[in-house]
Amino acid sequence: MGPSPQTPASPLKEPVSVETFASLDIRVGVIVDVEAFPEARAPAWKLRVDFGPTIGELATSAQVTNYAPAELLGRQVVGVINLGVRRIAGFRSEFLVLGAIANEGTVALLAPDPISAPGRPVA
């Protein structure tokens, strides 16, 4: 099955080993706080996500302003938590929240189905 007529095909990336993929720590989290991020170059929110008792809360900057803060609070997301820390306009971004990118650049956040406990690994 190919891409839908509304979605242009993106180039295929180079293959990676199963070991490389397995080295990513991908977890389920719950958004517990959303703040405006006017200092960011592109419209973005500052998100604080709870990854459960072992990991705790981590912060990220996410270009998901197509969601209102009320839509984000309490929402489950999927994040990669072991990519290191990045500074974005002076903000400490500690993980990468995952989503599908649409034509117009908006992001549809990924979420587990069914609902999973915060901190659960994703395979």
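## The pocket lining

Sorted by class, the residues that line the largest pocket are 16 nonpolar, ten polar and four charged. The structure is a predicted model. In this model the largest pocket holds about 810 Å³ of space. Its lining counts 30 residues, and those closest to the pocket centre are S61, A62, Q63, I88 and L96.

Which elements give two or more residues to this lining? They are β3 (57-62), β5 (86-88), β7 (96-97), β8 (99-101) and β9 (107-109). The top contributor is β3, with three residues.

## Confidence

How far does the predictor trust its own model? The mean pLDDT of the protein is 93. A value of 70 or more is reached by 93% of the residues.

One stretch at the start of the chain needs care. Residues 1-5 have a pLDDT below 50. Beyond near neighbours in sequence, residues 1-5 make one contact in the model.

## Overall build

The protein has three helices and nine strands. Read from the N terminus, their order is α-β-β-α-β-α-β-β-β-β-β-β.

What radius of gyration does the protein have? The value is 15 Å. A compact globule of 123 residues would have a radius of gyration near 14 Å, so the protein agrees with that expectation. Along the principal axes, the C-alpha atoms fill a box of roughly 40 × 35 × 30 Å.

## The annotated domain

A UniProt record, an unreviewed entry, places the feature "domain: TRNA-binding" at residues 20-123. Over residues 20-123 the chain is 40% strand and 11% helix.

## Backbone details

Two places in the backbone deserve a look. The first topic is a peptide bond. Between D113 and P114 this bond is cis, with omega near 5°. P114 sits in the segment after β9.

The second topic is a phi angle. A89 is not a glycine, yet its phi is positive, at about 50°. Where is A89 found? A89 belongs to the loop between β5 and β6 (91-93).

## Around P112

P112 also lies in the segment after β9. Which residues does P112 contact, leaving aside neighbours within four places in sequence? They are V28, Q76, V77 and V78.

Take V77 as one of these partners. P112 and V77 are 35 residues apart in sequence. In space, their C-alpha atoms are 7.2 Å apart.

Key. Residues numbered from 1 in each chain as written. Predicted model: local features only at pLDDT ≥ 70, side-chain atom pairs only at ≥ 80, totals over all residues. Heavy atoms only, no water. UniProt positions renumbered as here; feature names shortened; annotations may be inferred. Helix = DSSP H or I, 4+ residues; strand = E, 2+ residues; numbered from the N terminus. 1 Å grid on protein atoms, 1.4 Å probe; cavity = no way out; pocket = protein on both sides within 12 Å on 5 of 7 lines; lining within 4 Å. Points joined across faces, edges and corners; volume = space filled by probe spheres on them. Nonpolar A, V, L, I, M, F, W, Y, C, P; charged D, E, K, R; others polar. pLDDT = per-residue confidence, 0-100. Contact = heavy atoms within 4.5 Å. Rg over C-alpha atoms; globule rule 2.2 N^0.38 Å.
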